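Hello,

Here is the structure I promised to pass on. Please open it first, then read my notes below.

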Amino acid sequence: MKSSTCLKAIAGAAIVTGALCTAQFADVSTAAAADDAVLQAARSMTPPDYAGPTTPAKAPKDIKIAVVTCLSVLHGCVSPADGIQHAGEKLGWTVKVYDGGGTPNKQNAAILDAISSGANVIATIAIDPNLIQLALSEAKKAGIPVIAGSNGIDTPNPVKSPANGGLGFAFDVSPDYGTLGVHAAQWMIADSNDKANIALFSDKEFPSIMAQEVGILQGLADCKTCTVSKPIYFTATQIASQLGQMTVDYVRSHPDVDYIYGAFDPPVAAQVAALMQAGMTNKVKIVGALGNQQNLNFIRAGRLQVADMAYDNEYMGWAMVDQTIRLLNKQPLIEPHGENLPFVILDKTNLPPAGADWQAKTGYQEKFLALWK
């Protein structure tokens with residue numbers, strides 16, 4: 001199935017906004033032109049303009065917000081916290097960031113420390129609520145709301161409640177991981193001229209990665225001439241020690257593989273290093289997610305990684321503050337709870353300047369501040 005047909009089949013997805021679904025697109029006569037159009041659509045920001053809240057919500061004063069990251073050595077865990085800090089500074093709030101340390105024990109401990117510090121609100125970044133039930137129980141006893149970002153367990157993603165009736169978050173602000181995955185799949189299909197042979201690596205530990213995987217598989221299912229491996233699952237603790245060699249071994253034993261979906265950027269960095277050390281510099285093309293600067297530099301330098309599923313983590317932080325204000329005010333939360341967080345597929349044609357994260361150029365900070373007066 002050619003990419004143009006694939007796009008029509010997923011007409012509800014944001015990749016085919018506007019002109020690509022029109023008769024003009026149907027008139028494109030060559031597959032190459034159609035693939036170019038798909039690539040260009042994937043490179044465009046979704047949504048194309050500011051689509052965040054427009055209903056005012058006056059910000060309360062003197063709020064202390066504690067932010068607990070999943071693991072503070074990972075840029076994707078920290079950058080939404082930076083957004084919360086930037087928004088909080090504008091409101092005169094006190095923002096303190098705790099390192100979740102990458103393990104449930106440390107994440108529970110960090111939240112308990114935040115409770116002891118007298119925080120009014122606790123924000124978590126990419127932390128599975130199933131793994132912090134002790135801390136969530138203590139926060140509930142203390143009357144402190146716990147919110148979340150980057151989990152992919154709340155709208156616009158499928159809503160997932162903790163197992164066995166466990167405690168959850170007041171809300172989770174995330175991009176539409178499923179649609180983002182579809183966009184990345186369509187990018188790979190078009191980039192390969194519908195011939196991609198993809199090794200699909202993934203990590204079950206993060207609900208957001210699993211939501212993204214659903215989108216990837218949905219998008220790739222439209223390419224009947226592509227080959228997709230069964231998911232090859234790894235864990236965060238394997239990234240530094242084992243994933244690189246796992247990837248080298250897989251590529252050696254599957255010589256027809258020419259694309260790797262690496263799930264998110266830290267594992268992709270390990271894969272890039274291992275494949276380069278093994279002399280496989282031109283063997284595969286790798287697609288990651290998060291928009292980490294190290295990975296964008298791989299794309300910039302032509303080092304195996306060719307695309308990245310990036311979303312605006314600064315916007316995530318501001319949207320988490322916006323929903324927090326509404327929660328504290330007892331106003332209705334904005335739907336979807338992700339507040340239409342912008343995302344994009346980055347490749348060598350649309351990278352941000354070196355040293356900068358990708359951010360939506362919609363002036364959203366000023367729009368949020370205007371709502372909070």
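Is Cys 70 buried or exposed? Cys 70 is at 6% relative accessibility, so it counts as buried. The cut-off for buried is under 20%. Keep in mind that this is a predicted model.

The partner of Cys 70 is Cys 77, and the two form a disulfide. Cys 77 is at 5% relative accessibility, so it counts as buried too. The sulfur atoms of Cys 70 and Cys 77 are 1.6 Å apart. That passes the criterion for a disulfide, which is a sulfur pair within 2.5 Å. Which hand does the disulfide of Cys 70 and Cys 77 have? The torsion about its S-S bond is about -100°, so the disulfide is left-handed.

Now the other link. The search of the whole structure finds two disulfides. Besides Cys 70 and Cys 77, Cys 223 is joined to Cys 226. Here the S to S distance is 2.1 Å. The link of Cys 223 and Cys 226 is right-handed, with 70° about the S-S bond. Both Cys 223 and Cys 226 are buried.

How are the bonded cysteines of the protein chain paired, numbered in sequence order? The pairing is 1-2, 3-4.

Last, the annotation. The unreviewed UniProt entry places "domain: Periplasmic binding protein" at residues 81-331. In the model, that span is 48% helix and 17% strand. The end C-alpha atoms of residues 81-331 lie 23 Å apart.

Best wishes

How values were computed
Residues numbered from 1 in each chain as written. Predicted model: local features only at pLDDT ≥ 70, side-chain atom pairs only at ≥ 80, totals over all residues. Heavy atoms only, no water. Buried < 20%, exposed > 50% of the residue type's maximum accessible area, 1.4 Å probe, protein only. UniProt positions renumbered as here; feature names shortened; annotations may be inferred. Helix = DSSP H or I, 4+ residues; strand = E, 2+ residues; numbered from the N terminus.
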